[in-house]
Amino acid sequence: MALSPLRLLLGLATLALAGLLSALLYRHGPVQLAEMVVYQLPVDVVYTRDKYTSSLTTFLAWVTATEEEEIIHCYDHPITTSFAPDRTEEEQGNCLGVDPSTGLITRVFSSKGEENKRKGYVLPGLWDGHGHLLQYGEFLHGVDLFGARSKEEVKARIKKYLESRKGEGGVGSRGNWVRGVGWDQGLLREGMPTADWLSDDEELRDKFFMLDRVDVHCTWVSQAVLDLIDIDKLPGGVPGGEIVREPGMGVFCDNAMDIVTGLWPKPNAAQKKKFVGSAMRELNKVGLVGMHDAGVLPRDIDLYEEMVKDKEEWTVRVYAMVECPERNTFCPEVARKVDLEGGWLRVGSVKLFADGALGSWGSAMIDPYSDRPSTSGSLLVNASTLHSLALSWAKAKYQVNIHAIGDLANLHAIDSLATALDDLEVCPYGIPPKMCQQISCRFRIEHAQIIHPDDQARMRELGIIPSIQPTHATSDMAYAEERLGKERIAKEAYRMRSMWDVGPPVLGSDFPVEPPNPFEGVYAAVTRKSPHTGIGPPGWEGGWYKEQEGLSVRQAFDGFTRGPAHAAFWEKKAGVIREGGFADWVVMDEDVLKVGEEEIRFLKVRETWVAGKKVYSRDGEGEPAVEKQTGAKEDL
């Protein structure tokens, strides 16, 4: 009997739907798939179509891959497949298979043979949960002022930089400002810098400089830049910012930075691509296979997508947070979601800013600063506007991530996210706020640095994810107690262990504010001591509040693997080594779970692999010949 066209059409449609469902289950798992149908599908039609098409393509490529395509990598020690607290070495093999056509792991297994085994200890590829890709690349091509102790040292570093760029011409001109980052008035012998510091040197006079503070919440400019501004017409104050006038002009903080950054000639696309390439090479060197880019303008997301699609130098997976061209606004007309095939770039979150930084007294506090009682810091946006923005972005189905450092800023951030979770458009069908948060929203507070105990309890109650940078704690510990007082430090500041039950929290570095080395971050989280010196502040030589807030080594590595993966909706794909996951791993000389605490900060990466390809080798060797597995998939 002939098959009717209608039956044939229905059969093909059924097959396509079954394939799509299988692809979605393969990629996301049943729980996340269910939340996507409820949460994303009704609103994000184009994004959802592209995302699920990518899932289907990846799945079909995986199931149709021939046996000959699988590449086997075996090592002489068991593979650490996950840093989850319930993982044991008995569950780990010493070999993994990779499908080079998809960049996914096909299996993890044990080999009984001794041939073709490579040396080293394998762990999941590491992630930085909060960094700044373009800014880090720009820093690598700018003036490094980190740790500078005096005006003369700053000028010497600038001159050395200018000498290194001598052949380029035009460096320091109106169209090519000198950029840099890292100064800290707390370290500089002379205190807060001014434009006069640069003008009184003949070699630097008349050049255009814009040099960011260590936390990138203030920028210091030269007299040539000030001459572009009518200083007499500058406002006496800037809401959510500060024009520093004492001991002289030259420094602009937080919202006041717009006055000078608007005059700065922005890098062109070619320069930005160069920055991205430089940054990714450095990140691969320290074992980073992925990062959360905490604030990316829509035009730069376009550039990222172009680089990935053109197969340009792109060796780090990026989960990007949109930042509107005008900070702290709702800009759906220019923001868009992205989820590229292969997991190279995902955009589904937004970055908002509640306050400034602690080092420049810009963090918004409930009570005044202990070392400057005349101020409590400043909010970059008022509470009602933050509430409105969080709700608008949540209704547009974006993950909302709010920068909040001070306890007042964190209070407003938690209020804003709690309001969004109570909205029926955000969490429909009577889904409880915590369940909605854990499954579909995954709202975050970036830094979550100083939080009143009552608000810590609310974060736990709602499951709001803290995104923490352990090296911020060890960098700030030298002055934090003086700035905040003992009571606030003891009860509110730099929580890690006490917030772990939310988790695992997202751990990162905030590079270029801190170095991107995740082993330094792990060391800081575990020992609560400086990874640069190996010591704590006076009176805390054994570790700054280590007994109260220090993490275990496994917890800290979990925060640099599964934590960022979960917060990026990439659980089971990133931060672990498992069948169907991204073929991203790091090879070390030692077992990171068995070295002594004090050795962690000295650990060096041997190799970094992303999508089954070696992107970094400490020995500078090319990708070695690998064994292609044929025949049945059995233990070797």
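Colleague: In β20, what is the bridge partner of Tyr121?

Modeller: This is a predicted model, with local features needing pLDDT of at least 70, side-chain atom pairs counting only at pLDDT 80 or more, and totals for chains, interfaces and linings using all residues. Residues are numbered from 1 along each chain as its sequence is written, and side-chain values use heavy atoms, leaving out hydrogens and water. Four bridges join β4 to the antiparallel strand β20 (residues 585-588); strands are DSSP runs of E, at least two residues, numbered from the N terminus. In β20, Tyr121 has as its bridge partner Met588.

Colleague: OK, and which are the edge strands of that open sheet?

Modeller: The sheet runs β4-β20-β21-β22 with antiparallel pairing, where pairing takes at least two DSSP bridges between two strands. Each edge strand pairs on one side only, and they're β4 (121-124) and β22 (613-617).

Colleague: Over to β8: how many of its five residues are buried?

Modeller: Buried means under 20% relative accessible area with a 1.4 Å probe, protein chains only. Strand β8 covers residues 209-213 and is mostly covered. The count of buried residues there is five of five.

Colleague: Which residue in β9 does Asp212 stand opposite?

Modeller: β8 has strand β7 (residues 178-183) running parallel to it, joined by five bridges, and there Gly180 faces Leu211. Opposite Asp212 stands Thr219.

Colleague: And what's the phi of Val216 in the turn?

Modeller: β8 and β9 make a hairpin with four residues between them. Val216 sits in that turn, and its phi is positive, about 60 degrees.

Terms used:
Buried < 20%, exposed > 50% of the residue type's maximum accessible area, 1.4 Å probe, protein only.
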